[in-house]
Amino acid sequence: MLLTVDVGNTNITLGLFQGKDVFVTFRMNTQAVRTSDEYGSLIAEMLVRKGINIKNIKDVIIASVVPKVMYSLNSGIIKYFGIQPIIVGIGTKTGIKINRTDPREVGADRIVDAVAAYEIYGGPCIVIDFGTATTYDLIGPEGTFEAGVTSPGIQISAKALWDCTAKLPEIEIKKPDSILGKDTISSMQAGIVFGYIGQTEYIVERMKKESGMKDLKVIATGGLGRVIYENTDCIDVYDNELTLQGMRIIYEKNKKRYEDR
């Protein structure tokens, strides 16, 4: 079995694969400062609680946008699983060419999403990841990472609203029945959700127009993305496993090289 580890700014999402299918997923908080023993033992314990024999895990791949956790996380996996993880980064074979001023600026999460979207759904496409930040990435018909847009995530935007105002409460982020809010909570929900739907539709439309690419498919993933997907026609597919599948695909492209180490 293959263990994929997606280290985001808010959560670390782990997925266990049997072949091409995700067998089980679980999450842990990224913000906590942990030692290698804590990472290794916690991941092992989570797997055991899911009924997984950790001896059946043969490989691990990590994609991270949080450098400060990598030493302890990597060391913990080596110590508790006896596996040297594949780290998605410079030199990793992905099949995606990056047409950017500085390719090193593109985060591992965006590369992984681009790989999955292109390999599974084809190009050209726009990949939207509704994470801590929301990213919109344009992938060309030949699998080239052409351009990207980055905006504050839904949760960040909502948190700014109630943290920076004296009387507005922290609320559940969900679509209200109407944009015509009749109370504080529904008016905030309307502003957050409908405002984000509007942002998504405008950015997608503008990216399509400026790129000049026809038949662009729009694939979304991450966090609260389902709420947006269910309330707009501009997103064609919502795939909650996109990032994990991208890591599996990258692993397949690189495993021979790592087997020869």
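**Figure 1. Helix 4 gives four residues to the lining of the largest pocket, the most of any element.** The model is predicted; local features need pLDDT of at least 70, side-chain atom pairs count only at pLDDT 80 or more, and totals for chains, interfaces and linings use all residues. Residues are numbered from 1 along each chain as its sequence is written, and side-chain values use heavy atoms, with hydrogens and water left out. Helices (H or I, at least four residues) and strands (E, at least two) are DSSP runs numbered from the N terminus. A pocket is an open set of points on a 1 Å grid over the protein atoms alone, where a 1.4 Å probe fits, with protein on both sides within 12 Å along at least five of seven lines; lining residues have an atom within 4 Å of a point.

**Figure 2. The largest pocket holds about 910 Å³ of space.** A volume is the space filled by probe spheres set on the grid points, which are joined across faces, edges and corners. The lining has 33 residues, and nearest the pocket centre are Asp129, Phe130, Gly131, Thr132 and Gly223. Elements that give two or more residues to this lining include strand 2 (11-18), strand 3 (21-29), helix 3 (108-121) and helix 7 (242-259). By class, the lining of the largest pocket has eight nonpolar, 17 polar and eight charged residues. Here Ala, Val, Leu, Ile, Met, Phe, Trp, Tyr, Cys and Pro count as nonpolar, Asp, Glu, Lys and Arg as charged, and the others, Gly among them, as polar.

**Figure 3. The second largest pocket has a volume of about 240 Å³.** Gly89, Ile90, Ile98, Val106 and Ile111 are the closest to its centre among 13 lining residues. Seven nonpolar, five polar and one charged residues make up the lining of the second largest pocket.

**Figure 4. One of two aromatic pairs in the structure.** Ring centres of Phe130 and Tyr196 are 6.2 Å apart with planes at 55°, so this pair is tilted. Rings of Phe, Tyr and Trp (its six-membered ring) pair if their centres lie within 6.5 Å; planes under 30 degrees apart count as stacked, over 60 as edge-to-face and the rest as tilted. Phe130 belongs to strand 7 and Tyr196 to helix 5 (residues 184-211), so the pair ties together parts 66 residues apart in sequence. Phe130 is buried at 3% relative accessible area, and Tyr196 is buried at 4%. Buried means under 20% relative accessible area, exposed over 50%, and partly exposed in between (1.4 Å probe, protein chains only).

**Figure 5. The rings of Tyr229 and Tyr238 form a stacked pair.** Their centres lie 6.0 Å apart and their planes meet at 25°. Tyr229 is partly exposed, at 28% relative accessible area, whereas Tyr238 is buried at 13%.
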